[in-house]
Amino acid sequence: MIELLKDLIKIKSFTKEGANEALLFCAKWLEQQGETVTVHDNKGYLMLTAKKGYGEETLIWNGHVDVVPGHEEQFTPIEELGRLYGRGSADMKAGVAAMMQAFIELDAEKLTREVQLHIVTDEETGGHNTSKWLVAQGYSGNFVICGEPTGLKVGLQSKGILHMDMVFKGKPAHGSRPWEGINAIEQAMKYHMAMSELPFRKESTQYYEQPSVNLAIIKAGERYNMVPEICEMSYDIRFMPGQDPEEITRQMAELGGTLGIDFDYKSSFANTPALTTTEENPYIQTLQESIRTNSGAEPILFGQHGAADTRYYAAVTGGEGAIEFGPTGDDWHGNAEYVEISSVHEYKNILLSHAMN
């Protein structure tokens, strides 16, 4: 399994072509182990599915082989002091290698449910062409594990995404006589400062202290000698489970009227709901037992701030039943990315016992 991981790290899968190469490598490896694999193509993006077992329940293991760009030396895996260094070692070729190994070790005759393996190629750029496409084709299940690096902790919830694009309107004037105009940038600044006091900003949950609000884009002004008439401003808001993006949008729109600021807005949130799986979920209960049995550690449950391909599976199940859970590593997307080798073995064993439970 670790040799498989090393071979995957060597593939420069930060391009569409490279990710497809890695995907075909995975398909060939699985076929050589006697598994039946289906390779899908959507707009030139490849992905694979494999199935094992039968039953009324479906368990899905999802992993991606695409990575972010790295330095040339990062595609030569280095094993040192129990760690394996290399681009994608943690995010998330270790998870993929463990899932592949676990899949071939599954005893189909003893399975009481169907287990599906999904390997995809565009998670780092949004997952729109692979995981989202697979779900649209009906490849969904009762419980989904995305093998992102979580340190063997269970990311049972994650924040949803609301994008708010706003256009603040001012009144142009000569730069030497700004009092004759209305500065759109200053209007936007006034709004931004007041926004921190909105009710949704002060909410918290069991797993989150607050929602995430990032002022991501500002575009305004053209010349020194003009009072800017327009200021475009965009927010990336990660709302917590239990929060309603429509209510957040309402609060933000209402704030402009309260401040007497003229602006237009457009919000979008439909494709990225918050993941709301609870610790009472029976699959979470059995996963925790598998963690105790195979690692000797008490399971840790937490909420992810960001979003992964879990969002596409959860979109058809009301936010339930899709989690992030993977091996231990660090510095993913950085120059010293690594995975702890022992955690890859533990992860594989946990997947196996959970699937058979």
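Q: Is Lys348 buried or exposed?

A: Before answering, note that this is a predicted model, in which local features need pLDDT of at least 70 and side-chain atom pairs count only at pLDDT 80 or more, while totals for chains, interfaces and linings use all residues. Residues are numbered from 1 along each chain as its sequence is written, and side-chain values use heavy atoms, with hydrogens and water left out. Burial is read from relative accessible area, where buried means under 20%, exposed means over 50% and partly exposed lies in between (1.4 Å probe, protein chains only). Lys348 has a relative accessible area of 11%, so this residue is buried.

Q: Which side chain meets that of Lys348 in a salt bridge?

A: A salt bridge is called when a side-chain nitrogen of Lys or Arg lies within 4 Å of a carboxyl oxygen of Asp or Glu. Here the partner is Glu105, with an N to O distance of 3.2 Å. Helices are DSSP runs (H or I, at least four residues), numbered from the N terminus; the pair links distant parts of the chain, since Glu105 belongs to helix H3 (residues 89-105) and Lys348 to helix H9 (residues 341-356), 243 residues apart. Glu105, at 37% relative accessibility, counts as partly exposed.

Q: What salt bridges does Arg250 form?

A: Arg250 pairs with Glu247 at 2.8 Å, N to O, and with Glu254, where the closest N and O atoms are 3.0 Å apart. Glu247 and Arg250 are three residues apart in helix H6 (residues 245-259), and therefore separated by about one helical turn. Arg250 and Glu254, both in helix H6, are four residues apart, again about one turn of the helix. Glu247 is partly exposed at 30% relative accessibility, as is Arg250 at 39%, and Glu254 is likewise partly exposed at 49%.

Q: How many salt bridges are there by this rule?

A: The count comes to 16 salt bridges. Elsewhere, Glu3, Lys6 and Glu79 are linked in a network of such bridges.

Q: Which residues have the most contacts inside the largest nonpolar core?

A: A nonpolar core is a set of buried Ala, Val, Leu, Ile, Met, Phe, Trp, Tyr and Cys residues joined through side-chain atoms within 4.5 Å. The largest one holds 58 residues, and Trp61 and Phe325 have the most contacts inside it. Helix H3 supplies the largest share of this core, nine residues. Apart from this core lies another, of 21 residues, among them Leu162, Leu198, Phe200 and Ile261.

Technical notes
Helix = DSSP H or I, 4+ residues; strand = E, 2+ residues; numbered from the N terminus.
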